[in-house]
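Reader: Hi, I have a structure here and want to talk it through. Can we start with the rings and then move to the pockets?

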Amino acid sequence: TDMFVRIRWSSFKAGFFNYTRRLARRYSTVEVPVTAEYYNVKRGPYSSVTSGDVGVFREIVGSSMYTNPYDVEPYNIDWMRNLKGQSSVVLKPKTTSQVSQILKHCDERNLAVVAQGGNTGLVGGSTPVFDEVVISLSSMNKVISLDEISGVLVCEAGCILESLSNMVNDKGFVMPLDLAAKGSCHIGGNVATNAGGIRFVRYGSLHGNVLGVNVVLANGRVVDLMSTMRKDNTGYDLKQLFIGSEGTLGIITEVSILLPPKPIAENVAFMSCESFEKVLHLCTKSKSMIGEVLSALEFMDWQSVDLVTRHTELSNPLGISPFYVLIETAGSNGAHDEEKLHGFLEAAFNEDVITNGLVATDSTKVKAVWGLRERLVEAQLKEGVVYKYDISLPLAKFYEIVEVMRDRVKHLAKCTMGYGHIGDGNLHLNVVGDCHSSELLQLIEPFLFEWTAKHKGSISAEHGLGFKKSQYIYHSKSKEAVSLMKDIKNLYDPKGILNPYKTLPYYNHSKVA
């Protein structure tokens, strides 16, 4: 337990998320419910796509479009196979100008649209609800520039996060966000959803790292909000409206992002705790003792780790324990970081904060340690239908909701687990059932959101509201705040064609009510 080694684990994630997406189909024998029917949503007053519209789209994008139902199907279904839209056409523009022309036509025809990146979201923000036109940004995947002096990257929205990470790593930088979905997710989608991930504790949110965006509004108007300057105090910072707007205000086509320097040394430790109070003590201690090099602070309960070991070849190296904590450090001096981490673990042992712990000593062990955290989605998909929730709570209440929910759904759920980014108060509460069950869903919602609101948390820490949570926005935002959001939506998208039924409460007319 007192051996330390520099490690690199990013290679472990390479292609992994694509693998779990394939598993979603392989292991799911449950038919995906049609979203509009399952959730009883009324279609808005939008036009339907005609052969004339298809002809116009073909003039704009040429052959870069799908109308064959077989080709369109993957764009209609979310990757967890919980939602299914009814779109009949997918467009794959290659330039901002083409996106502009598409939206101009859709606005004139009153055709609803949904922008889609890697379709890796967990709240249904990027899949159609009805027959919205899908605009896939996957063909807009060019890197425009990388300033190696200032560390500023400019690229198109369809660039895959992992591809960008590999490229900037070679130049001495890292992307300020890292997700399990990095092998599939697009940087434009990351920005549109204000994605978080494991590096949030180190580098903060995209609101602070994105320097500029290029956006196309609902009527086709292109708005240049690009900048490579870290400091620009001229007028309203309009780009912030689009970061986290989930494609409801405009479609992001280009991004400018500030890159942190690449750490020279990385270390990881995996520890077990006998109570959640000691987990909290460990987290507080890590921030005070190794805070300057702390790059990941992850938490898992026994149910989470047990599920992974039952459905993968991985084993639990620490044995049975109620709770586990994974810590990663990243800095510029390997010997210094290793010494600090060694001192931290020694203090944690001596103070009886942890019951066991280890440090990876080779790449195989590194993969195994991170695998216990990163392969949870794979294990859940093999276990059954997953009800995934992403909330933030004061740390004093962080795990209580897991225990409350576990007792509440025990007669219908196969398992209930809690894990997540405890370093920034972000809990992933997941319930696994045998099938899509309205009875189970009604036990979870809206109870979970009401409980979270009661304890001053947020019903969405990093996944966004999308379709699944849009009706519950009032549990985290005041009526006045939501009213202002609606005003902004109506200003930027008067006809409501951009990603309808998402983010804001459902509406069934051209103005958000």
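**Rings and a pocket**

Reader: How many aromatic pairs does a search of the whole structure find?
Author: The search finds 16 aromatic pairs. Keep in mind that this is a predicted model.

Reader: How are the rings of Phe299 and Phe323 arranged?
Author: Their centres are 6.0 Å apart and their planes meet at 25°, so the pair is stacked, as planes under 30 degrees apart count as stacked.

Reader: Where do Phe299 and Phe323 lie?
Author: Phe299 is in strand 11 and Phe323 is in strand 12, so the pair ties together parts 24 residues apart in sequence.

Reader: Is Phe299 buried or exposed?
Author: Phe299 is buried, at 0% relative accessible area. Phe323 counts as buried too, at 7%.

Reader: OK, what about Tyr389 and Phe449?
Author: Their ring centres are 6.0 Å apart and their planes are at 65°, so this pair is edge-to-face. Tyr389 sits in strand 14 and Phe449 in helix 19, 60 residues apart. Both are buried.

Reader: Which residues form one aromatic cluster?
Author: Phe276, Phe299, Phe323, Phe398 and Tyr399 do.

Reader: New topic. How much space lies in the largest pocket?
Author: About 710 Å³. The lining has 30 residues, and Gly244, Leu465, Lys477, Met485 and Thr503 lie nearest the centre.

Reader: Which helix gives the most to that lining?
Author: Helix 20, with three residues.

Reader: And how do the lining residues divide?
Author: Twelve are nonpolar, 13 polar and five charged.

Technical notes. Residues are numbered from 1 along each chain as its sequence is written. This is a predicted model: local features need pLDDT of at least 70, side-chain atom pairs count only at pLDDT 80 or more; totals for chains, interfaces and linings use all residues. Side-chain values use heavy atoms; hydrogens and water are left out. On a 1 Å grid over the protein atoms alone, a cavity is a set of points where a 1.4 Å probe fits but cannot get out, and a pocket is an open set with protein on both sides within 12 Å along at least five of seven lines; lining residues have an atom within 4 Å of a point. Grid points are joined across faces, edges and corners, and a volume is the space filled by probe spheres set on the points. Helices (H or I, at least four residues) and strands (E, at least two) are DSSP runs, numbered from the N terminus. Ala, Val, Leu, Ile, Met, Phe, Trp, Tyr, Cys and Pro count as nonpolar, Asp, Glu, Lys and Arg as charged, and the others, Gly among them, as polar. Rings of Phe, Tyr and Trp (its six-membered ring) pair if their centres lie within 6.5 Å; planes under 30 degrees apart count as stacked, over 60 as edge-to-face and the rest as tilted. Buried means under 20% relative accessible area, exposed over 50%, partly exposed in between (1.4 Å probe, protein chains only).
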